[in-house]
Amino acid sequence: MGAASLLNLTLPPPLRPSRAGATGGKCKTGISIVRNSIINVQTETQIANGVPMTGGAYDFRGATTSLSDQLLSSTKKVTLVRHGLSSWNEEDRVQGSSNLSVLTETGVKQAERCRDSLININFDICFSSPISRAKSTAELIWQERDKPLVFLDSLKEAHLFFLEGMTNADAREKYPELYMSWREDPSNFNVDGIYPIRKLWDSAREAWREILFMPGESFLVVTHKSILRALVCTALGLSPERFRSIDINNGGVSVFKFNRKGEAMLQCLNMTAHMYGNHLYHY
């Protein structure tokens with residue numbers, strides 16, 4: 001439609017208040033109509049979800065694909081934490097699934113800061129990778145709680161074959177093409193036809209199913225950077241090509257909310273305020 005045609009459009013007259021007496025003294029204005037519409041939307045949302053929503057989008061149904069493929073027993077809130085600084089983090093080594101890297105003194109302090117910052121959050125279960133650096137972090141965070149601590153193989157870090165244990169500088173020098181693929185094109189990085197990051201996406205989906213179908217409404221998950229990237233991306237419907245679009249610091253805290261259809265809403269990503277002071281989280 002051209003500009004001239006737009007000028008010839010006939011617009012409806014503006015809404016005017018009715019005269020008092022014509023409607024029993026009640027004034028029906030455009031404002032009251034809009035207000036009633038808003039109230040109706042909020043009521044429908046509350047009925048559908050059990051809680052009121054705010055913001056421009058009043059619900060998140062259909063925002064991502066379901067991670068459960070069936071109704072959950074309740075809505076879920078999942079807090080994700082990356083383990084504290086490890087010896088191989090400090091030495092700039094490729095870690096992967098190796099169990100030889102352990103928490104440093106700094107890593108222990110970071111885990112303790114995580115514990116203190118989450119003290120006011122109720123969790124029904126803690127899930128952790130069984131690999132040492134994550135296991136130790138989870139045990140430190142969970143030591144004053146009496147709820148279950150569950151170790152899941154699906155939360156293990158990506159297996160990076162013979163690169164594990166090498167410094168990044170040595171790996172870059174000895175295997176330049178392979179290392180460049182790992183750093184710049186991780187979804188296509190492979191060793192003898194095995195694609196670690198694509199396999200990590202499968203592990204992340206399995207971990208989400210195991211977590212979301214457990215009884216309870218609030219869970220803590222302690223694991224590693226790469227699997228955390230996969231957990232975040234799979235929850236948001238992102239492919240392995242987006243692997244390096246997410247970054248999570250040692251001790252970083254992220255929070256997801258799931259509706260009963262198993263659809264995710266990311267509420268917080270990589271919160272680190274507790275690393276720099278006595279910060280308490282409330283959510």
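This is a predicted model: local features need pLDDT of at least 70, side-chain atom pairs count only at pLDDT 80 or more; totals for chains, interfaces and linings use all residues.

Me: What makes the approach of the Asn270 side chain to the backbone nitrogen of Asn249 a polar contact?

Reply: The side chain of Asn270 comes to 2.9 Å from the backbone nitrogen of Asn249. A polar contact needs a pair of N or O atoms within 3.5 Å, so this pair qualifies. Asn249 is also among the residues that Asn270 touches, along with Asp247, Ile248, Gly252, Val253 and Ser254, leaving out residues up to four places away in sequence.

Me: Thanks! Which residues does UniProt mark as "active site"?

Reply: The UniProt record, an unreviewed entry, puts that feature at His83 and Glu157. They are spread over 75 residues of sequence, yet they cluster in space, with a largest C-alpha distance of 11.4 Å. Both His83 and Glu157 belong to the lining of the largest pocket.

Me: Why is His83 called buried?

Reply: Its relative accessibility is 1%, and buried means under 20%, so His83 counts as buried. His83 lies in the loop between β1 (76-82) and α3. Beyond its neighbours within four places in sequence, its contacts include Asn89, Gln95, Arg133 and His224.

Me: What makes the pair formed by the Glu157 side chain and the backbone nitrogen of Ser226 a polar contact?

Reply: The side chain of Glu157 reaches that nitrogen at 3.0 Å. The limit is 3.5 Å, so the pair is within it.

Me: What can you tell me about the lining of the largest pocket?

Reply: The largest pocket holds about 410 Å³ of space and is lined by 24 residues, with Arg82, Asn89, Gln95, Arg183 and Lys225 nearest its centre. Two or more lining residues come from each of α3 (87-90), α7 (176-184) and α9 (225-236). The largest share, 3 residues, is from α9.

Me: How do the lining residues divide by class?

Reply: There are 7 nonpolar, 8 polar and 9 charged residues in the lining. Arg and Lys count as charged, so Arg82, Arg183 and Lys225 belong to that class.

Conventions:
Residues are numbered from 1 along each chain as its sequence is written. Side-chain values use heavy atoms; hydrogens and water are left out. On a 1 Å grid over the protein atoms alone, a cavity is a set of points where a 1.4 Å probe fits but cannot get out, and a pocket is an open set with protein on both sides within 12 Å along at least five of seven lines; lining residues have an atom within 4 Å of a point. Grid points are joined across faces, edges and corners, and a volume is the space filled by probe spheres set on the points. Helices (H or I, at least four residues) and strands (E, at least two) are DSSP runs, numbered from the N terminus. UniProt positions are given in the numbering used here, feature names are shortened, and annotations may be inferred rather than shown by experiment. Buried means under 20% relative accessible area, exposed over 50%, partly exposed in between (1.4 Å probe, protein chains only). Contact means heavy atoms within 4.5 Å. A polar contact is a pair of N or O atoms within 3.5 Å; within protein, one must be able to donate a hydrogen and the other to accept it, and residues adjacent in sequence count only if both atoms are side-chain atoms.
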